[in-house]
Amino acid sequence: GSLCIVDPVRNVFFAKGVPTFFLLLFYYMFLYVSSMSLDVFNCDEIVSMDGESVSDGFQYLRSEPSLRCNTGNTIGFGYGPLAPYAIATTIGYSVGFPCLLAWIFFADRNHAKIHIDQLLRAQLTGASYDTNPHFAFRKAFGDLYYRYRPEHWYWMVVIVARKLAIVLTALLFRKNATIQMCMILLVMFLAYAAQVRCSPYMSE
């Protein structure tokens, strides 16, 4: 189905680029906020200098070892008092934001508008209602895709997916720093290879 939004031409909220402002704000905060929310589940046993775990058998928050995990909640993992909020943030923001971007970019009506708008931009035109039938859409959402070539207008979704993959990799492989580093490097290498192959950015 298509993304149902009010026509930006008749709506100051869209015409002034208000949605873009908040979407870009979420985009630039994505790595930090996602990392902080998942850090609530980054628990492990405290290890002494000689490599032996402490005898109490409990796990503690790595970012704040004075806080014991798996207590004070019914979830069974993470730091109890913050776990419900962290889960809500992870689902609503870390997963929800990429889904929202994908919804905006890949909706049938929008994907055609973005492609045509970028073709016009590549020809250094389309900066007015007279020269661009989708100029209102450019004003509303143009900052999300103006950097990318017409055939790769969706690249912001790829970047956000890369950031999410880095955060998840850091959490999933936290028990072994060597494997963690190797997996993060693998994610970065794959992202780099994709960028080199696709060359998604628009030339100046």
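**Exercise 1. The whole chain**

What percentage of the contacts in the protein with a separation of 6 or more comes from residues 24 or more positions apart?

Solution. The structure is a predicted model, in which local features need pLDDT of at least 70 and side-chain atom pairs count only at pLDDT 80 or more, while totals for chains, interfaces and linings use all residues. Residues are numbered from 1 along each chain as its sequence is written, and side-chain values use heavy atoms, with hydrogens and water left out.

Step 1. Begin with the term: a contact means heavy atoms within 4.5 Å. Among the contacts with a separation of 6 or more, residues 24 or more positions apart account for 60%.

Step 2. Turn to the elements, where helices (H or I, at least four residues) and strands (E, at least two) are DSSP runs numbered from the N terminus. The protein has seven helices and two strands, and their pattern along the sequence is α-α-β-β-α-α-α-α-α.

Step 3. Consider burial, where buried means under 20% relative accessible area, exposed over 50% and partly exposed in between, with a 1.4 Å probe and protein chains only. Of the 204 residues, 36% count as buried.

**Exercise 2. Salt bridges**

Find how many salt bridges there are and describe which residues form them.

Solution. Step 1. A salt bridge is a side-chain nitrogen of Lys or Arg within 4 Å of a carboxyl oxygen of Asp or Glu, and by this rule the count comes to three.

Step 1. Start from Asp 117, which is buried with a relative accessible area of 0%. Its side chain meets that of Arg 121 in a salt bridge of 3.5 Å, N to O, and both residues lie in helix 4 (residues 108-122), four residues apart, about one turn of the helix.

Step 2. Asp 117 also forms a salt bridge with Arg 138, with the closest N and O atoms 2.7 Å apart. This pair links distant parts of the chain, since Arg 138 is in helix 5 (residues 135-141) and Asp 117 in helix 4, 21 residues apart. Arg 138 counts as buried because its relative accessibility is 12%, and its contacts beyond four places in sequence include Leu 120, Thr 125 and Tyr 145.

Step 3. Another salt bridge joins the side chains of Arg 149 and Glu 151 at 2.7 Å, N to O. Arg 149 is partly exposed at 28%, and Glu 151 is partly exposed at 37%.

**Exercise 3. Two helices**

Decide how helix 2 and helix 6 are oriented: roughly parallel or roughly antiparallel?

Solution. Step 1. Two packed helices are described by the angle between their axes and the distance between the axes. Axes are lines fitted to C-alpha atoms, for helices over the stretch in contact, and angles run from 0 to 180 degrees between N-to-C directions.

Step 1. The axes of helix 2 (residues 18-38) and helix 6 (residues 155-172) come within 9 Å and cross at roughly 10 degrees. Angles under 35 degrees count as roughly parallel, over 145 as roughly antiparallel, 65 to 115 as roughly perpendicular and the rest as oblique, and helix 2 and helix 6 are therefore roughly parallel to each other.

Step 2. In helix 2 the residues in contact include Leu 24, Tyr 27 and Phe 30, and those in helix 6 include Met 156, Ile 159 and Lys 163.
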